Amino acid sequence: MPPTIFIVDDDPSVRKGLERLVRASGFKAKTFASAEEFLACRLCQEPRYPACLVLDVRMPGISGINLQQELAKAGIPLPIVFITGHGDIPMSVQAMKNGAVDFLPKPFAEEELLAAVEQALTKAARLQKEAVEKAEVCRRVNTLTPREYEVFRWVITGMLNKQIAAELKVTEKTIKVHRARVMQKMQAASVADLVRLAQKIEVTPKRSDSFME
Amino acid sequence: MKKGKHLSQADQLTIDEFSRSIPVPVFLLDEERRVEKMTPAAAEIFSTRVSAAGEAEESPFGRVINCIHSLDDPRGCGYGSFCGDCPVRTTILDIYKTGQPCRQKEVRLTIGPDGHDCYLVISAELLVLPSGRKVLLHFEDITARKKAEEELAKERQRLKDTLDMLPVYVILLKPDYRVAFVNRFFRGRFGEADGRRCFEYLFGRKEPCTVCQTYQVLRTNSPHTWEWVGPDDRIYSVFDFPFTDSDGSFLILEMGIDITEDKSTKEKLALTKNNLDRAQRVAHVGSWHLDLLHNTLVWTEETYRIFGLEPGTPVNYDQFLQMVHPGDREYVDRKWQAALAGEPYEIEHRIIVNGQVRWIREKAEVETDKRGKPLRGIGTVQDITNYKQQEADKIRLQRELLHVSRVTAMGELTAALAHELNQPLMAIMSNVQAAQRFLAPRTPGQNPDLEEIREILADVVKDNKRAAGIILRLRALLKKTPLKPAPLDINTAIREILPLMRSNAVIKNISLNIELTPDLPPVKGDRVQLQQVIVNLILNGFEAMTGEEEKELTIRTTGNGKTVTVSIKDTGTGITAKNPEVLFKTFFTTKKDGMGMGLAVNKTIIEAHGGSLRAENNRGPGATFSFALPVYEEG
C-alpha cells in the first residue's frame, strides 16, 4: 500500500497540480480545499498506513497553522509539510516549533517537495511505531488498580519498599506485593524498564513531601 | 491894441490880405454886433447858413450877429431852443461888457426843423481899434467831430456793456500790476481795484504772487493759457494776451472762465474711470466698445494690459484678430460673426502676448437698430491664464495623487499580489513536473496516460494566462491613465479585483462577504479608476478591523434603475470624526503611517464620475463607505 499524501490548499489549480505531482511520484493523494474539509474526514486523522499532510499556511477559515495546532491537540501523529505563497518568517518559525517537517515557499520544485514528503513519511512511520508502543503501554497501565497505579508512581521515583510503605503508612510487605503485581502487569523486567515505560506515556513520579525535606 | 493905434491905408490892405488867407472862420464885429470883416471861411459858413435858412444870398456885412444861424435877426434864428440866450450873442455881449476874452468855449445849439444838435467852439476877443471897439470872433463847427466822439463813446459803452455782460471775467493789467480795466463779472467776484495793485487788492499781499503766470506774457509777448485758483477758491481757466494800448503802452488782457463745476465733473469722470480701471485691474477684467458703423474699437486700460499694449494704442477688430492664437483665430472670428447675427458671444480662447500664450474669457453683447442691423458691440475680456494654469496644475496634481495613491495601495497589496502570482506559478510547476513523471514511467512498456497529459497541458495554459492576467492588472493599476469613461459592469469590475482582496483577507484573517446584485445596468466610468476606489475602500475596511475580534467585510452592489450603488461595510472601529466630511479632506488620516490621500482621491474619482462618496457608521460595529454612480446612457 503506497503512502497517502493529504493535500490541503484553497487554490484549485495548485491543489490539482500537486495532486498530479504526488500521484506521478508513486504516492496516493487525497486533496482538500480547506482545513475544515480535512477535519471533517475522521478517517484521514487516524491513518493505518504511512501518511503525511501537505498544508497551505494561509487559507480562508481555519489557517494551516491553526490546523496544525488542532491536530497536535488531538494527538494525531500526522507530520506536516507546510507550503506557502508568501514567505513569512515568524509564521514559519511558529510552524517549525510546532513540529512541522518543512516549510516550502511556493513555487517549489518537485525534489524539494518529495524530499520533504519522504522525511515526513519517515517521521510518520516512527510516530506510528511510537504511537503503537504507547498504546500498548497505556493498555497495560489501564489494567492496574488505583492502588497499584499509585505504587507504580512511587516505584519509579527509585524509593525502596520500606520508604514507600512509610509514605503510604502500610506495611512493607504490602508494598512488596503491589510492586510485584505492577511489574507483572506492565511486563517490566526491572525498575529501569518500568521507568522507560512510564516516560513513554508521560506518567509522572509521585512527589514525596517528606522526600522534599 | 488896447491903445487903438491908427492904421495906415497900406496897413489896412495888408490886414485884409492877411485875414483872407486865414483858413478859419473869423468875424470882426462892431459894438452893434454888425459884421465888419470876415475871412472867406467865415463867409462860407455865413452863406451856408443863409442859404440853409432859405433866403437870398446877400452881403453879410452890416448884419447883426444875434445868432450864428440867423446873424441879423434880432429874434434869433428861431430854430434854437434858447435863441434868446444864444451862447454866441451872450458871449459877444459879455466881451463888450467885461472886456474879457473868450477862449475856446464849446457851446451846443439845437437847430433846424429837426432840432438836431450842433456844436461850436467859440473864441472871441475885444479889439480897440481907431474906428471903435470891435470883437474878433472865431468859431469852429465841431459837430461832426462831436458826433464821431459820441459814436465812439457809445461804441465804448457798448463794448463795456458787452464785457460786463460776459459770464467770464475780463481784466486789463498794467505792467506795474495796476488795473486798467475790469468788467462787471470781475468786480462782482473780486470787488473794485480802487487803484491798488492786483496782488494787493485780490490777495492782500505786498508782493506779486509767485504762482501767477499772467506777467510772463510781458516777457514772451505771446498768449498764454493756464489755470488760476482765485481768492474765491474757484478754478478759472485763464487766457492772457499781450495788448498794446492806443497810447502805445503795454497791457495784458486777461480773460478767465470759471471751470470749477466743469473741473469737478471732469474729476468725477476721471475718478469714475480711474475706479473702473482699478477694479478691472484687480479683477483682470478689461472691457471694450466696438463702433461697427465707424469700425472704431475702444479699449480700457486693463484690456490693453491684457493684450500687452500701451494704453491708447489705436486698435481695430482685425488687429485684435491678429493677436488671437492662430489655432483659435478661425473659432473666434466665427463666434463673433455669429454674435453679429444675434448669437450669444461667450468664449474662451488663447491670445499671443509678446510671444507668450495667454488665456482670455470673452463675453459680449451686440446692439442693433430697429431693423436688426448691428450698431455696436460691448464686451468684457477676462485674463484667465492663471486660472487655466491652476486648472491644468490641478488636473496634473490629481493624476499624480491618483498615481501615488495607486502606488501606495500597491505597496499594501504586495503581499497579496506575491501570493496571487505564486499560485499559478506553483500550479504550472507541479503540473509540468507531474507530466514529466507520467511520460517517464518506472515500469518499461507501460504507456503514459495521454489523456491526463492533455489535461495537464490545458491546465498549464490556463494557469499561465492567469499569471499574465495578474501582471496586466497590476500594470493597469500602476499606469497613469486619464479618465476613460465607457459602459462598465460594476460587478465584473469588482470580480476582477476580488482575487487580490481575497488573498489579502486571508492574510488578515478577515471573512469576505460578496453580495453582488446580478444583472445591474452598466455605469459610465473608467474601470481602472473605479477599481482603484473599491480597492482603497476595501483596504481601508481591512485596516479599520485590525485588532478587532469579529472581522467581516461585505461588498455589496445594488441598483435602482437610475444609479448603481457599491457599498463596503466593515466591522471595524467605525468613524470617530464628528463630521464624516472631514474624512474626505486631503491629508486627513487617522493611520499612523497613512498619507491621508486615499479617501480624498476616492472622492475626487467618484465625483469625476458624477457620483458621490458617503461614509456612515453602522448600527452595529464598524462603518459603511458607499458610492452611487449614474447608469450609463447612450450618447
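This is a predicted model: local features need pLDDT of at least 70, side-chain atom pairs count only at pLDDT 80 or more; totals for chains, interfaces and linings use all residues.
1. For chain A taken as a whole, the mean pLDDT is 86, and 93% of the residues reach 70 or more.

2. The secondary structure of chain A consists of 11 helices and five strands. Of the 213 residues in chain A, 36% are buried, and among the contacts that link residues at least 6 apart in the sequence of this chain, 65% are made between residues at least 24 apart.

3. The contact between the two chains draws 19 residues from chain A and 21 residues from chain B.

4. Within chain B, the packing of helix H14(B), residues 490-507, against helix H15(B), residues 527-544, deserves a look: the angle is about 30 degrees and the axes are 10 Å apart. The pair counts as roughly parallel because the angle falls under 35 degrees, and the crossing of H14(B) past H15(B) is right-handed. From H14(B), the residues in contact include Ile494(B), Ile497(B) and Met501(B), and those they meet in H15(B) include Leu530(B), Ile534(B) and Phe542(B). Counted over both helices, the residues of this contact comprise nine nonpolar, two polar and two charged.

5. In chain A, the peptide bond between Lys106(A) and Pro107(A) is cis, with omega about -10 degrees, and Pro107(A) sits in the loop that runs between strand E5(A), residues 102-105, and helix H6(A), residues 110-142.

6. Gln187(A), which is not a glycine, has a positive phi near 55 degrees, and its place is the loop between helix H9(A), residues 172-185, and helix H10(A), residues 191-200. Gln187(A) is classed as exposed because 12 other C-beta atoms lie within 10 Å, and the class takes in residues with 12 or fewer.

7. In chain B, Tyr177(B) likewise has a positive phi, near 70 degrees, and lies in the loop between strand E6(B), residues 169-173, and strand E7(B), residues 179-182. With 18 C-beta neighbours inside 10 Å, Tyr177(B) is partly exposed.

Conventions
Residues are numbered from 1 along each chain as its sequence is written. Chains are lettered from A and ligands numbered from 1 in the order in which they are written. Axes are lines fitted to C-alpha atoms, for helices over the stretch in contact, and angles run from 0 to 180 degrees between N-to-C directions. Helices (H or I, at least four residues) and strands (E, at least two) are DSSP runs, numbered from the N terminus. Angles under 35 degrees count as roughly parallel, over 145 as roughly antiparallel, 65 to 115 as roughly perpendicular and the rest as oblique. A crossing is left-handed if the near helix is turned anticlockwise from the far one by less than a right angle, and right-handed if clockwise. Two residues are in contact if their C-beta atoms, placed from the backbone, lie within 7 Å. Ala, Val, Leu, Ile, Met, Phe, Trp, Tyr, Cys and Pro count as nonpolar, Asp, Glu, Lys and Arg as charged, and the others, Gly among them, as polar. pLDDT is the predictor's confidence in each residue, from 0 to 100. A residue is buried if 20 or more other C-beta atoms lie within 10 Å of its own, exposed if 12 or fewer, and partly exposed in between; C-beta atoms are placed from the backbone.
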